[in-house]
Amino acid sequence: MQEDTNLSFDSCHAGSYGGGAWFNDATTLNSGTVSFKGCYADKRGGGAYFKSSATLGNDVTFEKCYTTGTSDGGGGAWFNDAATLDEATSFEDCYTSGSGGAAYVAGGGIFTDVSINGHTTGKTTSLASNTANAAKGGALYLANSKALTIVGGEIKNCSASDETAGGAV
């Protein structure tokens, strides 16, 4: 699937995966503006769930997205396969009680100049809600021993409640 238009997902909910959207096939979002705002899922990918490979760029934002369950995660997005995120992809104020406040990355990938800004509107400075932090990977959780290359960008205001499991990654 390739989208070349402006898309907005606002205050959406899913009982399991992909609060704003579930992308089943390989997905490219790189032309136009795509935003996920205030979306949530009970298990994986508060903003979006990408089952196959995903390429995000140009102007893709995840803002105030979250998951409610404690066993899964990916507050902003869940990437089940390889993920390539380019500049102007941002995660702002996304959180989970599971793993990966901004994103859960199961298939490895390349993040270039991606901005991840943690929970800044509440009493804590993390990608978690005021009552519970991401268990592992305050910003990103890398699963399955896959490689993730991060080139530039910014990760700030992130923490994890598991002291042995990476406040940022």
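This briefing describes the strands, nonpolar cores and cavity of a single chain. The model is predicted. The chain has 169 residues, of which 47% are buried. Its secondary structure consists of 20 strands and zero helices. Among contacts between residues at least 6 apart in sequence, 79% join residues at least 24 apart.

**Strand β10 and its partners**

- Strand β10 spans residues 59-63 and pairs with β6 in the parallel sense over five bridges.
- Within that pairing, K37 has E63 of β10 as its bridge partner.
- β10 also pairs with strand β14, residues 89-92, again in the parallel sense, here over four bridges.
- E63 takes part in this pairing too, with E92 of β14 as its bridge partner.

**Nonpolar cores**

- The largest nonpolar core contains 30 residues, and those touching the most other members are F36, F50, F62, F79 and F91.
- Strands that each supply at least two residues of this core include β4 (21-23), β6 (33-37), β8 (48-50), β10 (59-63) and β12 (77-79).
- Others that do so are β9 (54-56), β13 (83-85) and β15 (103-105).
- Apart from this core lies another, of five residues, among them Y49, W78, Y104 and A106.
- In soluble globular proteins, nonpolar side chains tend to be buried together.

**The open three-stranded sheet**

- Three strands, in the order β3-β7-β11, form an open sheet with parallel pairing.
- β3 (13-14) and β11 (66-67) stand at the edges with a single partner strand each, so one side of each has no neighbour in the sheet.
- Strand β7, residues 40-41, pairs with β11 over two bridges.
- Y40 has Y66 of β11 as its bridge partner.

**The cavity**

- There is one cavity of 30 Å³ or more in the structure.
- The largest cavity holds about 40 Å³ of space.
- Its lining is made up of F111, V114, I116, L140, I150, G152, G153, E154 and I155.
- By class, six of the lining residues of the largest cavity are nonpolar, two are polar and one is charged.

How values were computed:
Residues are numbered from 1 along each chain as its sequence is written. This is a predicted model: local features need pLDDT of at least 70, side-chain atom pairs count only at pLDDT 80 or more; totals for chains, interfaces and linings use all residues. Side-chain values use heavy atoms; hydrogens and water are left out. A nonpolar core is a set of buried Ala, Val, Leu, Ile, Met, Phe, Trp, Tyr and Cys residues joined through side-chain atoms within 4.5 Å. Buried means under 20% relative accessible area, exposed over 50%, partly exposed in between (1.4 Å probe, protein chains only). On a 1 Å grid over the protein atoms alone, a cavity is a set of points where a 1.4 Å probe fits but cannot get out, and a pocket is an open set with protein on both sides within 12 Å along at least five of seven lines; lining residues have an atom within 4 Å of a point. Grid points are joined across faces, edges and corners, and a volume is the space filled by probe spheres set on the points. Ala, Val, Leu, Ile, Met, Phe, Trp, Tyr, Cys and Pro count as nonpolar, Asp, Glu, Lys and Arg as charged, and the others, Gly among them, as polar. Two strands pair if DSSP finds at least two bridges between them. Contact means heavy atoms within 4.5 Å.
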